[in-house]
Amino acid sequence: MDVSYHLLLVFLLAGLCSFEQWSVNAFVRGPIPGKPQNVSKNDTGVKKAVQTATYTFNNQSNDAYFFKSSSIDDAQKQIVKGIMYLLKVEISRTVCQKRESDVDLAKCAFQPHGLLQQTFLCNFEVWAIPWKNIMKTTFSLCLPSKKH
């Protein structure tokens, strides 16, 4: 084989190597499936996911009072056979008791400063399949907050 063929092969390989260093974002527009993307804390889906996660927390808790979201610290969504919401949420104890019937959490005030006041910092994963009207909490880890 002659030298020009080898030089052509070297230049071709060098070009391919530099091509691999380009960002995928140069070719793809919009969210990349499977990669978590930041999403607004005011997004309708995020708010529904927070409600779902809080409902799950309240059902699993032995506390006499309901908790509700006091702040959404971080929200991401990931496209995976639906939408996985990855949330960092603060939930706080309300004045509404679980023994009450037909409680509307939106109308429940938070516990005033004192012995009954309690806040948890939670990591939630909530999986939504909007076309099937399904939303469920798949992961929940809540630890007591140290801020008071």
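Helices here are DSSP runs of H or I with at least four residues, strands are DSSP runs of E with at least two, and both are numbered from the N terminus. On that basis the chain reads α-β-α-β-β-β-β along the sequence, with two helices and five strands.

Some conventions before the details. This is a predicted model, in which local features need pLDDT of at least 70 and side-chain atom pairs count only at pLDDT 80 or more, while totals for chains, interfaces and linings use all residues. Residues are numbered from 1 along each chain as its sequence is written, and side-chain values use heavy atoms, with hydrogens and water left out.

I'll start with the sheet. The five strands make an open sheet, ordered E1-E2-E3-E4-E5, with antiparallel pairing. Strand E1, residues 37–38, and strand E5, residues 134–144, are at the edges with a single partner strand each, so one side of each has no neighbour in the sheet. Two strands are taken as paired if DSSP finds at least two bridges between them. E1 and strand E2, which covers residues 65–79, pair over two bridges in the antiparallel sense. Within E2, lysine 77 is the residue opposite glutamine 37.

Next, the helix on the sheet. Helix H2, residues 44–60, lies across E2, strand E3 (83–97), strand E4 (119–129) and E5, and it runs at about 135° to E2. For that angle, axes are lines fitted to C-alpha atoms, for helices over the stretch in contact, and angles run from 0 to 180 degrees between N-to-C directions.

Is asparagine 58 buried or exposed? Asparagine 58 is buried, at a relative accessible area of 4%; buried means under 20%, exposed over 50%, and partly exposed in between, using a 1.4 Å probe and protein chains only. Leaving out residues up to four places away in sequence, asparagine 58 touches Tyr65, Phe66, Phe67, Lys98 and Leu105, where contact means heavy atoms within 4.5 Å. Lysine 98 is 40 residues from asparagine 58 in sequence, and their C-alpha atoms are 8.7 Å apart.

Finally, numbers for the whole chain. There are 148 residues, of which 31% count as buried. Of the contacts between residues at least 6 apart in sequence, 62% join residues at least 24 apart. The accessible surface is about 10,400 Å², and 59% of that belongs to carbon and sulfur atoms. Accessible areas are from the Shrake-Rupley method with a 1.4 Å probe, and for residues only the protein chains shown count as cover.
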